[in-house]
Each structure stands twice: as structure tokens, then as C-alpha cells.
Amino acid sequence: MTSPALELRGVHKSYDEGRIEALRGVDIAITPGEFVAITGPSGSGKSTLLHMLGGLDSPTSGEVLFKNAALGTSVDLDTYRSQDVGFIFQAFHLLPTLCAIDNVQLPMISTNCKRNDRLARAKNLLEEMGLSQRMMHYPNQLSAGERQRVAIARALANDPEILLADEPTGNLDSVNSAHIMEILIGIQKKRGMTLVIVTHELEIAHMANRHIRFRDGRVEA
Amino acid sequence: MSDSALKASPLSLSLFVWKNLWRRRLRTILTLFGIGMAIGAFVGLVGFSNAFESEWMRIYSSSGTDIAVIQQTFLNTSLSEAAGKTLRSLPLVENATPVIFNLMALTPDVNALAYGWKADSYEFDSMQILSGHRFQDGKPEVMLGDLLADQLKKKVGDTLEIQSSPFTVCAIYHAGSGLQADAVIMPLDQLQELSSLQGKVSTFDVRLKPTPVGESREHYLKRAQAEIEAALPGLRAVPAAERASNNQFVQLAHASAWGTSLIALLIGILGIANTMAMSVHERTREIGILRALGWNRKHVLLLIQLEAGVLGLGGGLFGLLFGWCALHILAALPQTASIVSTTLPAYLLAEALAVSVLAGLIAGALPAWHAARLSPVEALRYD
Ligand SMILES: Nc1ncnc2c1ncn2[C@@H]1O[C@H](COP(=O)(O)OP(=O)(O)OP(=O)(O)O)[C@@H](O)[C@H]1O
Ligand SMILES: [Mg+2]
């Protein structure tokens, strides 16, 4: 068996000095190129789990390993977020003052990507998302589906190995949902990326290689 | 290729900074005005006080005075007039003439510098009498500078009441320096009597014998200083060049210029700090997004500091414009026209810009630190 791309070992996360336990001992290993879907009731800790996987937050106890190296100790979290992982949110989280092509370039500012490569890369990614006619549009000039496609292009800006999506279709109608899923699965196949999606939709969960059910901060047996 | 993307330029940190400031144009411009006023005050006031100092310098250098002998400060009229005899007897001294100067209320709304000179003072040599004749010691006569004569509407032969004593205007003179053009000169004894300071003077202006060949000017001045101070214990001999900057009027002008500018600057800094704190607060979630996209704390810190620094720089440029306008207005006002020069030295402009950028960075420090400290997840959850 190949070594996992991402691994959680005994991960606990509590808030408010232990009064809220969002994660209560999670052990998951995700192999490179795997497509994993996570479902579960609201408040069961899915987003919290994704934040741990994405290096946005650190566990209260336990550890998160990227290619067998512990995040936060062996791997610098900022570097990890900037180079190895891309994040997609339910609310898109585009910066309203930047047009599509600038939003896609944002993650490249923190790496030493050359200035002229930034523009070319952003352009290619937006074209790949079918947005070649929308590059200079601002988020408020784009439809919800288009915004999410800009956000996907942005997540791919630094060519990460891992893509994490927290209810990426939660704000979309069924047509746009299907389109976004098609794109995500296409990217995952074409680039051999590891894809972890948190979702409420069982339909999406069924497309995944593996479906993890979450309840009360634990993986359901 | 889509033609729309051709207009795009690569996104850099500086372009991002610019877009963030442009997004809240009104606030940005108001902040620029705030810091700009402060820098304008700095440029105007410091420029003014520097010009004031060089005017004094001009008085001293044009009259041919090498050294001034004083008690402690220039505004104390506490020197005994009798010391003049000792001074004149010193081997290096060619001439020494007693002087009083004082700021006087001539009419309820005209203040002027009043000089008390002896009728035989060598300082008359460098003065041009436009009409009338030099006063005589012991007579209630005054000479008016041309600017002041215009202002008071007096001509030779008119009577001028000073502190309810009548004085006859005996001459109108022209002086190279605005400070003297705006002044009255009267017999020393008359001014002593007016100010109840019989036998006292403010300074002795000393003209030295020519510098001997082979001796440097500085060395000669030092030697003369030592000779005078040895002969008159308790008194100070100050070379003319130092005298302008030691002058208490000049020091007061410098102090109030710097004091006022510092207060204005402090207000300007608070303005930028407030703007940046608000802008960081409003962008909490955006900062979370940037962190999620791989920006580290240093990038966030740099972003906010750059925004504050650009506000400082922009405010500084505004300020130079304001300061320039202020000086031109002062130069056009009759009360100040004679002293104000509208040329600003380059070092003052550079200093003002540097102060302004520094002010921006100081103001940005706390908001930037706050922004950098935000936890990415907390910031993302913020609404
Ligand atoms: N910063 C925080 N402070 C306090 N409690 C928190 C914090 N973040 C999450 N929680 C709590 O942790 C639990 C798990 O939250 P999480 O957002 O991971 O749930 P979720 O499964 O993503 O839910 P949803 O499907 O509604 O998005 C919840 O009870 C939530 O209130
Ligand atoms: Mg969630």
C-alpha cells in the first residue's frame, strides 16, 4: 500500500476551553489521488475536520500528517497552505474588489512565482474553467456558478496536490451544482489530485471513491 | 484569446495595495487631507521660522558686526552701559556700540521692534536714509523703517506718540532686512528712559580690527571672544553667525513651529491609525481568506504597513502642496510679506516627505500587527 497523502491520527479539537468538542478522536488516512466525500449532520465537525486537513487550524491533540510529515512541526502551515493544498468554500470567498483574473493571482503573491507567469497561469486556469470571457469581471458581475469556478481556478493557482472543498455546491442550484462537480471530478482525474469534499448531497457522496459518514465529531462505523 | 484579458496586468502586492486604497476613495482622500494638513503646517511653519532666522542673520552681517556682547540672553536689558569703555579699550576691538532692542506697542494694533542706538553708531553706515536726517542723542526723535512708515502713515516731521510721549519723526530709512524695515530706531537714552532702564543696554555690537594676515577668521574670532570675556567677567561674546540662531525670537519661532507641527502630526498619525484600524476590522474575513490562500503573517503585515505607508507618502505630497500654498499666502499678506520667503529648501521637502512616510508606518504598526495576529479560521468565520 502506498503511503497516505493525508493522515489524521487521534485528532481532537475542542473550543471554549474544552466545553465544545468538535472532533473527538478522528483517525483517517487518505491515499494520493483519492476522492473522499464526507457527510454528516450540521455541527458534526466536518468543517473543523477540513480546517485541520488544510492547515488552517491545529488539533488540540493528535496530529495531521502530510506525506508522513506532521503539519505544524515538520511542515510549516503557511508553506503547506500556499503550496500543497487548495481550498474551496461554500460562500466562494472571492475578494470583491478584485476582478476574476486578479483573484486567481492572489495566492501567487505569497510564492516566488514570476510576475509575468502569474498572469499567464491565471489566464490558463480561467480558460480551463470556461471563463475566458469573464476574466476582467468583478465577483458581483458574475453568476454564483461562475464565482465558484473562479474560486476553483484560484484554489489551483499554485498547483497543489490536494483540493479541499467545504460544501462547494451548497449555494448553487442543481444545474450549477452538477457543472461544478463535473469540473472538480475532471480536475481530480486529469491531475491525479487528492480531493476531499464535505457535502450534504448523497448524490455527490456516491460519486466519490470513499464516503465517510461523520457524527458527533467522530467517524461513524 | 479573449481580448478583455489583454488589459489585465500581473497582480502584485503594490497593485493590491493600490486597489485596496482606491476601493474606499473618500476615506483615503480624507485621510490624505488629514496628514497633508499636518505636513503642510510643518513645511509652512518650519519654512517660515527658517526664513526668520536668516533675516536676523542678514541684519547682523550687513551692519558689519563681528561679535555681540551680552549678559546671558539677547532679550535681557541688563548690561551696564559703562562696559562700553572697557570694550573699546581692548586691543582687538575697533569699535563697540551699545544697543537696546525691544518689542513695543506703537499703537494699539501695531507692534514693532524698537532699537536704541547711539547717534554715532557705526551701524548707521550700512543704512540708507530716504528722507530726513539722523537723530541726535538726547532728543525725542525717531527714525522709521520705510515699511513701518507706510503702515503708520507717517512722514518726516510728523509726531508719533510712543507710550504717551511725543516723538518727532526725523527720518525714514530703508533697510535690507525686513525686520529692520519694520522697526523704529531712536536714541539709546530715549529708549532707556521709556523702558525705565537708565544706564542699561541689551548688547554691545562689536566690530573687530581686520583679521591679521596669516590668521584664520575663526581663530581670530575665538581669540577676540576670549579677550573680551576675560576683560568683562560674567559677559558672553557671541560671534554674529551664532547670534542669529541664539536669538530668542528665532528660538521662539523655531519652538512654536516645531511644537505646532508635532501636534498636527500627531493628529495626522491618529487619522491614519484610525483609517487603517477600521479598514483592517472591515476586512477581517478577507484577511482570513488571504491566510487560507497561503499568505503568512508577514505578508499580511506587509500589506497593511504598505497601505499605511502609501497614505503617509500621499499625505506628504499633499502637505508639500499645502505648505507651498500657505507660504505664498503669507508672502502676499502685508504683515508677513517682508519676512517670508517662498523658496523652500530641498532638505526641508525631503524631511517633510520622510516624516510623513514615517508617520504612516507608525500609524499602521498597530493595525498591521492586529491583522497579522488574526487566526485564519476565526477570521474566516467572522461576519
Ligand atoms: N471557533 C469556534 N468556537 C466555538 N465553537 C466552534 C468553533 N468552530 C466550530 N465550533 C463548534 O464545533 C462544532 C462543529 O462545527 P463545524 O463547523 O465543524 O460543523 P459542520 O459539521 O461543518 O456543520 P455544518 O454542516 O453546519 O457546516 C459545532 O458545534 C460548532 O458550534
Ligand atoms: Mg461546515
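This is a predicted model: local features need pLDDT of at least 70, side-chain atom pairs count only at pLDDT 80 or more; totals for chains, interfaces and linings use all residues.
**The ligand site**

Ligand 1 lies between chains A and B, and of the 15 residues around ligand 1, those that come nearest are S42(A), K46(A), S47(A) and T48(A) together with R381(B) from the other chain.

| Residue | Part of the residue holding the N or O atom | Distance to an oxygen atom of ligand 1 |
|---|---|---|
| S42(A) | side chain | 2.5 Å |
| S47(A) | side chain | 2.7 Å |
| G45(A) | backbone | 3.0 Å |

Taken alone, ligand 1 exposes 640 Å², of which the protein buries 74%. Two or more residues of the shell around ligand 1 are given by each of β2 (20–30) and α1 of chain A, and by α13 (376–381) of chain B; the largest share, 3 residues, comes from α1(A).

**The open sheet of chain A**

Helix α1 (residues 46–53) of chain A, which contributes to that shell, also lies across β3, β6, β7 (162–166), β8 and β9 (210–215) of chain A, and runs at about 160 degrees to β7(A). These strands belong to an open sheet of 6 strands with mixed pairing, in the order β6-β7-β8-β3-β9-β10. Its edge strands are β6 (85–88) and β10 (218–219) of chain A, each of which pairs on one side only.

Within this sheet, strand β3 (residues 35–39) of chain A runs parallel to strand β8 (residues 194–198) of chain A, and 4 bridges join the two; V36(A) has V196(A) as its bridge partner in β8(A). A further helix, α5 (residues 144–155) of chain A, lies across β6 and β7 of chain A and runs at about 165 degrees to β6(A).

**Paired strands in chain B**

In chain B, strand β4 (residues 110–117) is mostly covered, with 7 of its 8 residues buried. Strand β3 (residues 93–107) of chain B runs antiparallel to β4(B) and is joined to it by 7 bridges, while a hairpin links β3(B) to β4(B) through 2 residues. In this pairing, I100(B) stands opposite G116(B) of β4(B).

Strand β4(B) also pairs with strand β9 (residues 184–187) of chain B, here in the parallel sense and over 4 bridges, and Y115(B) stands opposite I185(B) in β9(B). Strands of a sheet pair through backbone hydrogen bonds, either parallel or antiparallel; β4(B) takes part in an antiparallel pairing with β3(B) and in a parallel pairing with β9(B).

Note on methods
Residues are numbered from 1 along each chain as its sequence is written. Chains are lettered from A and ligands numbered from 1 in the order in which they are written. Side-chain values use heavy atoms; hydrogens and water are left out. Buried means under 20% relative accessible area, exposed over 50%, partly exposed in between (1.4 Å probe, protein chains only). Two strands pair if DSSP finds at least two bridges between them. Contact means heavy atoms within 4.5 Å. Axes are lines fitted to C-alpha atoms, for helices over the stretch in contact, and angles run from 0 to 180 degrees between N-to-C directions. A residue is near a molecule or strand if one of its heavy atoms lies within 4 Å of it. A polar contact is a pair of N or O atoms within 3.5 Å; within protein, one must be able to donate a hydrogen and the other to accept it, and residues adjacent in sequence count only if both atoms are side-chain atoms. Accessible areas come from the Shrake-Rupley method with a 1.4 Å probe; for residues, only the protein chains shown count as cover.
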